[in-house]
Amino acid sequence: MLFPTPAYAVLLLAVLLASWLLSSRPRAWRVMLLLAGAVFYGWFSPRLVLLLAVSAVANWAVAHGIARGHRRLLPLGVAANLAVLAWFKYYGFFVTSVADALTGLGIGLHPPLLEVVLPLGISFLTFQAISYLVEVRREITPPSSLLDVGVWLSFFPTVTAGPITRPSELLPQLPDGTRVRVPVGEGTWLLARGLAKKVVLASWLLTEVTDPVFGAPAVHSGPELLLGVYAYAALIYLDFSGYTDLARGSALLLGIRLPENFRAPYAATSVHDFWDRWHMTLSRWLRDFLFTPLAKRSRAHWWRSVAVPVLVMLLAGLWHGAAWTFVAFGAVHGVALAWERLRREHRRAAGRPRRDTVASRAVGRLVTFHVVCLGWVLFASESLQQAWVLLRGLGSGWGVSLDVPALLAPLLLAVLVAQLLPERATAWSRAAYRRSGPLLQGAALGVALLLLDALGPEGVAPFLYYRF
Amino acid sequence: MHQKRAAKHRRHRTSGRGQALLTVSLGLALGTLLNAQAMLATAESLELGRERDLAVAVMEPVADLSHVLRLDVPRRELDELLGREAEPAPSPAPAPVTTPEPVRTAGPSPSPSALRVPTGRDPLRIAVVGDSMAQVSGQSLVRLADEVGVARAELDFRFSSGLTRPDFFDWPRHLATLLERSRPPEAFVVFFGANDAQGMETPEGVARYGSPAWDRAYRARVAAVMAQLTAGGARVYWVGQPVARSRDYSERMAHLDEIYRTEATRHPGVRYVDSWPLFVDEDGHYSAYLETGDGLTLMRQADGIHLSRAGGDRLAAAVLDALRLDWRLP
């Protein structure tokens, strides 16, 4: 089920009604949420619910085994989760890559090419399940009941594309029968903001700019391609952060606060800073479960400063998709992170502290934004060859008239400026909305729906991150 | 005093589940009333069947209530302001019922010499039209045409559209606007059908897919579009649907292809581009992966219907070959 659809509105309303009716019965409330998750996830394909159920039961059993002292079950459980991910996501990529490599060596191979259909959200499910096992092993979280594990993994706001939650931050928020305070104003504000980002802005950018540019880069001039790349940067931010707003808003209306996922990422002054602001729940997962354990394996300078950042970002790239374009995307970010780390260490060794001036921040933002854009070119292209055509085309056709929608430049400027504004600049409007009562908030939501439906296109494209 | 104010703010900021339900219910109810006419139009554009009947049955009284309360005014004003006035009524369905007589069997298409020779200064004007299937293959054709140097293709596709539901998107009316240009397209690449195996309204009532009435009506619509596009001398390259993963869906598409193929032979200036053999394996079956010059390559998207970039490239190359039969293209 997609968030910006009438079907989801009906589901959300039914869940809020049930949540209110069952507010003093925590067990029934959990069962209701489990059913809502099954409906939401099963809407795409009922078979997906089976996968979710098997994952919940298996990880619940492994966690209990770990808690009883069978600590060797942890690597086994992690491997099993990764194996499921690998099967669904990387089988075709692996087989074709091996076959191509062998063909290059003159060895003809015809491997069985099964068409494995990628279950929606499998990457997010895998990371959540692994974090559960690790947290139980580290005794951060006690092993939970099967019902709680099921509710957490199938939680409908997060099941398809995150934010990637930890059991220690979500399970304690499940109701225990006491009265739950719900930040209604904040929740509905996020819903309206998410709809505006996705339904109006992202949809327009996708159909009017990025699809034509990335679909046939060779027929566009350099300036058009450059604007197309900037547009993709805006698009992927609006699309994914819009999804996250809708997920967080929906969860807040149930009294559950999900972690932040975006904090003005294009205001970042370094690539390291970017990953502290972009898809933050993925970044912290990679840091806690991959970067830190890997870095601890050796004290060697090259390992910690170069190999680990590059390796982690290569894996992060591969996590996004089974294609060489994603590997290259990871490589760009990995190399940039390693470079920044080496530079920082070099400055420190030379006794030269990092300059923090308005000019240095501006330069940092400009450079970082363009490194990130280079990553997006690889990320959005369907092949390395297509990415190369686009990058090469950036240098051609300057001086000819532009064939882009007139609204594009103001929109891109607005997206970028909004990221540079301090939080307090818009805090008054959010605060005023939150302070108003349900009548005013409901009326504002209704009027917002009028504007969004009128301004948005017919139909809604799936969220970009549903692919992962 | 400060603590009292803070406590008051906290009370305002958070509330119970009942208030969440009340606020969202109010918002959705008001949003539904304000957008009722547009939602009714969306409901009416759904595929004919129970889901559509239910959606229309729910939305009709809501739209009436919205009208009585004059809550439909803001949306109407807004649509006018945005230049999105209500869609005009669909163009009248072409006279159906009778199977079009084979007026004349299409002879060989005009030889390249009968058509103008496209140049770099005045390239061949190609319009790629169709549904979501035209998206990727159309983008590939736009690129390939550009590489040819003497052709310029434009892509004009609409998701979920086709010839069965002019109430959702009226292709004949839209194509008329392309033909009215001062320099209209000289070649149309047409790729319909993926959404067309569904019930459609005809003057005789709703025709269910699979019935003889449906076949007659659909064939007439295909014939009408072919006649419309070729009337001014443009050439048409009607792309057939490729095999799909689902056997049932493939059978439906094969049935549509047969209609396109036979109608193409009846309309001079129309070539049928058979995409089926391009996407089958050695045994003639659907295969997501197929051999290309780069080895085994994924040709289809995860839904088993739409084409991947490589699939789009393969189809676009075949369309370009068909164009070369009529036009002097390098």
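Which loop of chain A holds A:Pro163? Select the stretch between α6 (146–153) and α7 (167–170) of chain A, and A:Pro163 is there. Helices here are DSSP runs of H or I with at least four residues, strands are E runs of at least two, and both are numbered from the N terminus. Now show the backbone: the peptide bond from A:Gly162 to A:Pro163 is cis, with omega near 5°.

Before moving on, some housekeeping. This is a predicted model, where local features need pLDDT of at least 70, side-chain atom pairs count only at pLDDT 80 or more, and totals for chains, interfaces and linings use all residues. Residues are numbered from 1 along each chain as its sequence is written, chains are lettered from A and ligands numbered from 1 in the order in which they are written, and side-chain values use heavy atoms, with hydrogens and water left out.

Next, pick A:Glu139, in the loop between α5 (122–137) and α6 of chain A. Its phi is positive, about 60°, although A:Glu139 is not a glycine. For context, most residues other than glycine have a negative phi, and most peptide bonds are trans. A:Glu139 counts as exposed because its relative accessibility is 63% (buried is under 20%, exposed over 50%, partly exposed in between, with a 1.4 Å probe and protein chains only).

Hop to chain B and select B:Arg70, found in the loop between α4 (50–68) and α5 (73–81). B:Arg70 has a positive phi near 60° and is not a glycine either. At 58% relative accessibility, B:Arg70 counts as exposed.

Last stop: show α6 (residues 133–148) and α10 (residues 309–326) of chain B, whose axes come within 8 Å and cross at roughly 55°. The axes are lines fitted to C-alpha atoms over the stretch in contact, with angles from 0 to 180 degrees between N-to-C directions. That angle makes α6(B) oblique to α10(B) (under 35 degrees is roughly parallel, over 145 roughly antiparallel, 65 to 115 roughly perpendicular, the rest oblique).
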